[in-house]
Each structure stands twice: as C-alpha cells, then as structure tokens.
Amino acid sequence: AGDERLAAVTRLINRLHHEDETRHRAFGRHLVRQLWCTGAPGWSPDVRSAVAQRLDAWLQAVWRDFYNPDVFRDVGLAAPHALMRAAWGTPQARRLRHEIAAPVTGFLIRTGALAGEAAA
C-alpha cells in the first residue's frame, strides 16, 4: 500500500485488503476465544485433546500448501515429492515456520486450545 511505484488504485486495493484482513483476524480471535471459553469447560479431556490435534493438523495443512510438489514438477525438477520432504524437514524451514506461526500458536496456547507448541 505504501509502494509509490504502484498505481494509486493498486495501493488503495492493497490497503483496503489489509484493513479487511485485520478485521477478519480480530473477529476470528474473538470468536475462537469466546467459543473455547464457553464450550471447552464442558468438554471431556478426550474432546479437548481431539480439538487440539485438529488445530495442529490444520496448521500443518496450511503450511503444506507452501511445499507443493506440483511446483517442483512444473519447473522441471526431478523427484518433486522427495524435494518437498527435504525442503519441509530442514532446520531452517522448521525455524521459519515456527517464527511465522508464533503469533497464531501463541494465541491458541494462551487461549488453552493448544497445550503446547504445534508440530508445524
């Protein structure tokens, strides 16, 4: 939105999109907090654990989109699935995912929806 090299309309669209996403995130945090605080106290430990596992699986699925083997295949690289697994497993990639996801996982941990760090 602040890049003067872009057309004014493009900067406006970017700014409005950012503002809209900010509202969505704030609403989502509020909704998750409210649902967790009203629902979770009545759930069994098994249900709470299942919710935490699903949240972790969701985070993994979101991250896996960034390691799509079809991209490796489309640019002509051999063994795209092996490349995807290798890229996913590097310490640098793990550290980067942890740093980027920290605001989300931290929120979920503070809310109580996750017991500890997510596996992503």
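**Terms and their grounds**

Me: Which residues of helix α4 are called buried?

Reply: In α4 (residues 80–89), the buried residues are Pro80, Met84 and Trp88; buried means under 20% relative accessible area, exposed over 50% and partly exposed in between, with a 1.4 Å probe and protein chains only. Helices are DSSP runs of H or I, at least four residues, numbered from the N terminus. The model is predicted: local features need pLDDT of at least 70, side-chain atom pairs count only at pLDDT 80 or more, and totals for chains, interfaces and linings use all residues. Residue numbers start from 1 along each chain as its sequence is written, and side-chain values use heavy atoms, with hydrogens and water left out.

Me: What covers the buried residues of α4?

Reply: The cover includes α2 (45–64), α3 (69–74) and α5 (91–111), where contact means heavy atoms within 4.5 Å.

Me: Why is Ala79 called partly exposed?

Reply: Its relative accessible area is 46%, which lies between the limits for buried and exposed, so Ala79 is partly exposed. Ala79 lies in the loop between α3 and α4, and has a positive phi of about 50° although it is not a glycine.

Me: Where does α5 have a kink?

Reply: The kink, of about 60°, lies at Ala102, shortly before Pro103; the bend at a residue is the angle between axes fitted to the seven residues ending there and the seven starting there.

Notes:
Helices (H or I, at least four residues) and strands (E, at least two) are DSSP runs, numbered from the N terminus.
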